[in-house]
Structures are given as C-alpha cells and as structure tokens.
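Dear colleague,

Here is the structure I said I would pass on. My notes on it follow below.

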Amino acid sequence: MVGSVEVSPVEANDRAKATVDDVEPLPVEFYPLETSDPADLGTTNGVGSVGGKAEGPRAGDGRKREIVLGRNVHTMSLEVTEPEADDEVTGDREAYMAGVLARYRKSLIERTRNHLGYPYNLDFDYGALGQLQHFSINNLGDPFIESNYGVHSRQFEVGVLDWFARLWELEKNEYWGYITNCGTEGNLHGILVGREVFPDGILYASRESHYSVFKAARMYRMGCIKVNTLTSGEIDCADFRTKLLQNKDKPAIINVNIGTTVKGAVDDLDLVIKTLEETGFGRDRFYIHCDGALFGLMMPFVKRAPKVSFKKPIGSVSVSGHKFVGCPMPCGVQITRLEHINTLSRNVEYLASRDATIMGSRNGHAPIFLWYTLNRKGYKGFQKEVQKCLRNAHYLKDRLHAAGIGAMLNELSSTVVFERPHDEEFIRKWQLACQGNIAHVVVMPNIDIEKLDNFTNELIEKREIWFQDGKAQAPCIAEEIGEESCMCTRHK
C-alpha cells in the first residue's frame, strides 16, 4: 500500500540498539522511517563521538552539562517507494504525497512562528516569481561571459552584482563577482583569491570567526593563526600585532568579520589596516577578505557605522542572500577586485566560457529573487528594516535586563546574547543558537515586538520553574559578555 513502511528484522534489531532518548524525533505527522543507529556512524576527531555524550560547560547548579551530540543526528526519513501498477488509475500515490506535503507545510508554519536563533529573514513574498519555477535556470561559468547553455539569468545576476559594487564603492570596470550558493562559498572564494595572490601567505582570523574560515584553511592547506578576541567578540588587534610580528617573513591574508556568528561583533577594519601597516606589512604584502554574511548588508544603513569600502585596501567582500535580504534559498554575493581574478580564471571549452567560481552549476533562480527584492525595497527600504531590527534588539535586551537576565548587545548589532536557557526543550522550541553558557537571538525584519514579548514572557516563566528550589542557578556569563552585563548572583 502507498505510504506503508515495512521493517526488516535487521532494521528492527538496529533500532533496539539505538539510544532513542538521545535522538530528537521529527514531528509525528511525518510518519518517518528510522534509517540508522547513531552509534554506527563512527567517531569524530573532536570531543566525544557522534551519537555519544561529551562534557560541556557547567550548568547553573555547578554540574557538568551533558551535550548530547547524537540528538542532532538525523535518523528519520520519509520512505521513497516504487509506484504501484494501478497508481495512475487510483490516484493513491498523488493523494499520499499531497498529504505529506500538506503536513510538512503545516510544520514549517509552526517552526517559522518560533524561529529566533538564526539570522534568516522569513518575511518575504515571491508569488510573482512562481511562473519561473518551470524552467531549469543555470548560470554555469563566468557571470560576465555567456556559455552555450541559453537558459540562464546572467542579466539579473550582473544587475545584482552592480548594485553591491556600488554599495561597497567599486567601479564597474574594477570588480568581478558572482552569486554564490551560500555564505560559506563566499568565504571559500575570498580566501582562495587571497591564497592565489599570496601562495605562501598565512591566514589570520579571530577565534570567533565563522567555522567556514577555518574550513577554508584546511581545504587549501594554509597556515592559519587564530587571533584572540575582546569580550565583545571583536578581534583583539594587540594580539593581532604580536602574531604579525612573529611571522613578518610571510604575507598576511586576513579574514575581517563584519558581524561575528555568535555575538554579532564587527571587527575594526580601519584598526586592522593600521596594525598591518605599523608592523611593516605594505599593501603589496596583505590581502583582506571581509565576511559580511549578515551585517555586511546592514552596516551601510547604520548611522555612525564604519564603512566597508573598496576605497580601503581590501580584496573581497561576501554577504549571504538568504539572511537579511530574505531569499528563500541559500545564496550569497561575492565581490572582489578584477585585477585579482585572472589568477583563478580558466577557459572551459565545454562551456564555451571562462570560470573562476568555486562551483560549476549555479542556481539561476537565486539572482532573480535577489534582483526582485533589491528593486522592491531599494536603499530606503533596507534602511527602514535595519532601523527596525536595531530598535527591536534594544527592546529585547532591555526586557531581559529588567527581568534580571544577563544580556549583551553590541553597538552595531541586532544579535542579543544572553544566558543559555536551562532546558534543552525550550532551546529547541525557539531554535536558539547556543555556545557554552550563552545563547542568542538574532532580531531580523520578520521578528516583531509581539514575538519578542512571547519569547521573553515564556523565558521568565520557565526560569521561575528551573530555579525555584534553589538547587539550580543562572550561569555566570561574565567571561563571555562582561561583568557589567552578567546578572548571576555574584554580579547582580
């Protein structure tokens, strides 16, 4: 029967061995099929093993918090079955799939309602673009050179790239770029360009840089030096200076964060450049990539914010398209100087084009979505949304402080960092991103005051339950966000 699930004796035995309590189930309406035992997935080179438990930071009552790594191992799937002979006549299969998709849509609505911890703008309407979903649009190869494949959206892509080049003050005849498949690809490309410009260069990145920066170092076999950070999460340029002086014989490739992943901290680009110059690194001996995944598009619209501009000696900038812009599929924008790209670009006869991108085929729909949003909102529209996000972020921080909850908000950020909730179920409900004893909410255009009030009210109610008997206490997060922002029993 369509939609039925048969379980073999081997599968049943494997399931009996699985640590079910350690695995978060999918919503029951999906009727999922378990496919693997987390214990069979092997170990990692990091702390603990996949499917096992690792010791993490201390909970508020002083006990070691157990981080159940297996909880996030996806062990469920919707079975793919072969059509039955009479499916076209009975319509059972179509009805089954329609039911699955309807239940999936319902779960997406629910999960979107309680989404706070990740930097995705979920406030969009692209109904007008539905007419294009019947086409396989592929922008393979160089955006500026057409290939033999005619179903592309290069004209939209170049229009989007021109818009971002203007935003970052780089002339049309001086830039090269492309629409990436995600923010990570932008970082991989920017750092790759730096490596090609300086093959023996050392990559410097703050410890709070996105993990894709260190992934790039591993992929390209680059020497990588982690630089300490200030309490805010911003790069510590005193430590940066020390480490530059220890490696004066090697060119420097620097990742500058325009908003760190956890705290939303913005590295001081001008101070980074000054530090390079004062330690003897001329402009012919360093390359700067700016990771602006979220705040790279917000900062130009923040009053008194320092400029990210190619009028300064930077080599590349990348942003994500699915974050502040609100594209429904992961994508990003990568811009670099045209003079650098010849080190990467290669002729590809099969495409009748040149290619300096990381991926081959690229989603041709994404540039259209970005073009559509940029045209609808424009500079004024984005400025209005940025101001709303910053205003609501301050509101959330103030509400948390008023409730006696430690919280921090960097000046140029909409990321509110606060004490990690005591209950993992609460964390999963609100989809909070956590690191050690802290969690954060990233206030995006789709997050309004009502949602922030609902979250804060529930958190306050839950804390009364978690800490009512005095055995558990709110964690001290002074080390993570500073004593002035911590509200534990010691620092209140």
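Is Phe 135 buried, partly exposed or exposed? Before the reply, please note that the model is a predicted one. Phe 135 has a relative accessible area of 48%. Exposed would need over 50% and buried under 20%, so Phe 135 counts as partly exposed.

Phe 135 lies in the loop that runs between α3 and α4. Together with Tyr 149 and Val 151, Phe 135 makes up a nonpolar patch on the surface. The accessible area of the three residues together is about 270 Å².

Ala 128 is also placed in the loop between α3 (92-113) and α4 (154-167). With a relative accessible area of 41%, Ala 128 is partly exposed. Ala 128 and Tyr 372 are 244 residues apart along the chain, and 9.4 Å separates their C-alpha atoms.

Next, strand β8.

Strand β8 covers residues 252-257, and six of its six residues are buried, so the strand is largely enclosed by the rest of the structure. Ala 252, Ile 254 and Val 256 point one way from β8, while Ile 253, Asn 255 and Asn 257 point the other way. Residues on both sides are buried.

Two strands are joined to β8, as follows:

- Strand β6 (residues 202-206) runs parallel to β8 and is joined to it by four bridges. Ile 202 has Ala 252 of β8 as its bridge partner.
- Strand β9 (residues 286-291) also runs parallel to β8, with six bridges between the two. Here Tyr 287 of β9 stands opposite Ile 253.

Met 408 has Val 417 in β15 as its bridge partner.

Regards

Key: Residues are numbered from 1 along each chain as its sequence is written. This is a predicted model: local features need pLDDT of at least 70, side-chain atom pairs count only at pLDDT 80 or more; totals for chains, interfaces and linings use all residues. Side-chain values use heavy atoms; hydrogens and water are left out. Two strands pair if DSSP finds at least two bridges between them. Buried means under 20% relative accessible area, exposed over 50%, partly exposed in between (1.4 Å probe, protein chains only). Patches are made of residues with over 30% relative accessible area and no salt bridge: like charges are joined within 9 Å, nonpolar side chains (Val, Leu, Ile, Met, Phe, Trp, Tyr) within 5 Å. Accessible areas come from the Shrake-Rupley method with a 1.4 Å probe; for residues, only the protein chains shown count as cover. A salt bridge is a side-chain nitrogen of Lys or Arg within 4 Å of a carboxyl oxygen of Asp or Glu.
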